[in-house]
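This briefing covers selected side-chain features of one protein model. Please consult the sequence and structure shown below while reading.

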Amino acid sequence: MQLLWLCWALWVLPLAGPGATLTGEQLLDSLLQQLQLSEAPVLDRADMEELAIPAHVRAQYVALLQRSHRDRSRGKRFSQSFREVAGRFLASEASTHLLVFSMEQRLPPNRELVQAVLRLFQEPVPRAALHRHGQLSPRSHRARVTVEWLSVRDDGSNRTSLIDSRLVSVHESGWKAFDVTEAVNFWQQLSRSRQPLLLQVSVQREHLGPGTSEAHRLVRFASQGTPAGRGEPQLELHTLDLRDYGAQGDCDPEAPVTEGTRCCRQEMYIDLQGMKWAENWVLEPPGFLAYECVGTCQQPPEALAFKWPVLGPRQCIASETASLPMIVSIKEGGRTRPQVVSLPNMRVQKCSCASDGALVPRRLQP
């Protein structure tokens, strides 16, 4: 029985090395391996001037982003609280709109964000306007709505990050939901606490080229020229109280990590914008929450350690991870184009105690 237990323990290998903390060099190595490159490409501003991210690339990236978010949120839908934040349209120009949400004291330090949902009310299109576009195919009556997080840098320049993108029909009306969890994560990590959350919403054609429809201009959201308070944009925040939800194994954000801290998962933000090698190469995201495993583990009884010395001391390691989707720029034949990649094992989902790469059975855990 003991031999069978040892074989099982050595078979269930963790996804990261003991005490491993993700570094910029490791991230670069993983990206180079995924793209089968020997070194990071050197791209200048001239390469990027005419680079546009096509709709199908945006859609592929968003699909991977949402799949990764679902993986990270799995098992966290119990005992969560919900609050709604009212926003407003700060500015509108053509088919691009800037939304602002006051976030002060919306996310206390002892709460973990599970999901953030942006709700916009799509107004019905007048029949006369629909009639003018009546000869077009139903496919031409669709528009792509893209949501981006807008950050204002210290030098006053702006940076947008793709958050969600979906198709809507001009024949529809009512509330539309967009997953903006990543935007709130970015705001938490990169913005000053009193800064509002800024979201940029764009309505675009789904297909370009001659003879394409202008029907996307018919998509309008409430509060654009309507009385204040009617159909204002809403932000839903779903959070978990870490003090009541210890099963997640997250560190107490209000307590410093010391030698006596038990193994837990701690927030660690990787800022890609601050890495020279990522400049002009990594288009999305600007950064991500990677987390890291910190703290100590209870050691097995001396008798067991003596009988099975191969196990070694128990250490706090990442036992479950999630992938990280990216959009990178690729230069081929003198031309630059965007490409979606997915890097495995970049975000720590769960931390566990293990002995030299083997998870210790639950009956031995403290």
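At 43% relative accessibility, does Trp175 count as buried, partly exposed or exposed? Trp175 counts as partly exposed, where buried means under 20% relative accessible area, exposed means over 50% and partly exposed lies in between (1.4 Å probe, protein chains only). This is a predicted model, in which local features need pLDDT of at least 70, side-chain atom pairs count only at pLDDT 80 or more, and totals for chains, interfaces and linings use all residues. Residues are numbered from 1 along each chain as its sequence is written, and side-chain values use heavy atoms, with hydrogens and water left out.

**Aromatic pairs**

- The whole structure contains 3 aromatic pairs; rings of Phe, Tyr and Trp (its six-membered ring) pair if their centres lie within 6.5 Å, with planes under 30 degrees apart counted as stacked, over 60 as edge-to-face and the rest as tilted.
- One of them joins Phe121 and Trp175, whose ring centres are 5.4 Å apart with planes at 70°, so this pair is edge-to-face.
- Because Phe121 belongs to strand β3 (residues 111–122) and Trp175 to strand β6, the pair ties together parts that are 54 residues apart in sequence; strands are DSSP runs (E, at least two residues), numbered from the N terminus.
- Phe121 is partly exposed, with a relative accessible area of 24%.
- Trp277 and Trp281 also form an edge-to-face pair, since their ring centres are 6.0 Å apart and their planes at 70°.
- Trp277 is buried at 18% relative accessibility, and Trp281 is buried at 0%.

**Charges over rings**

- The charged end of Arg265 sits over the ring of Tyr291, 3.7 Å from its centre; this requires NZ of Lys or CZ of Arg within 6 Å of the ring centre and within 35 degrees of the ring normal.
- Arg166 lies over the face of Phe178, at 5.6 Å from the ring centre.

**Asp179**

- Asp179 is located in strand β6 (residues 174–179) and counts as buried, at 17% relative accessibility.
- Its side chain makes a polar contact of 2.7 Å with that of Thr181; such a contact is a pair of N or O atoms within 3.5 Å, and within protein one must be able to donate a hydrogen and the other to accept it, while residues adjacent in sequence count only if both atoms are side-chain atoms.

**Nonpolar cores**

- The largest nonpolar core has 44 residues, and those touching the most other members include Phe101, Met103 and Leu118; a core is a set of buried Ala, Val, Leu, Ile, Met, Phe, Trp, Tyr and Cys residues joined through side-chain atoms within 4.5 Å.
- Domain 1 (24–69 + 243–356) and domain 2 (87–232) both give residues to this core, so it lies between them; the domain bounds come from an automatic or database domain assignment.

Methods. Helices (H or I, at least four residues) and strands (E, at least two) are DSSP runs, numbered from the N terminus.
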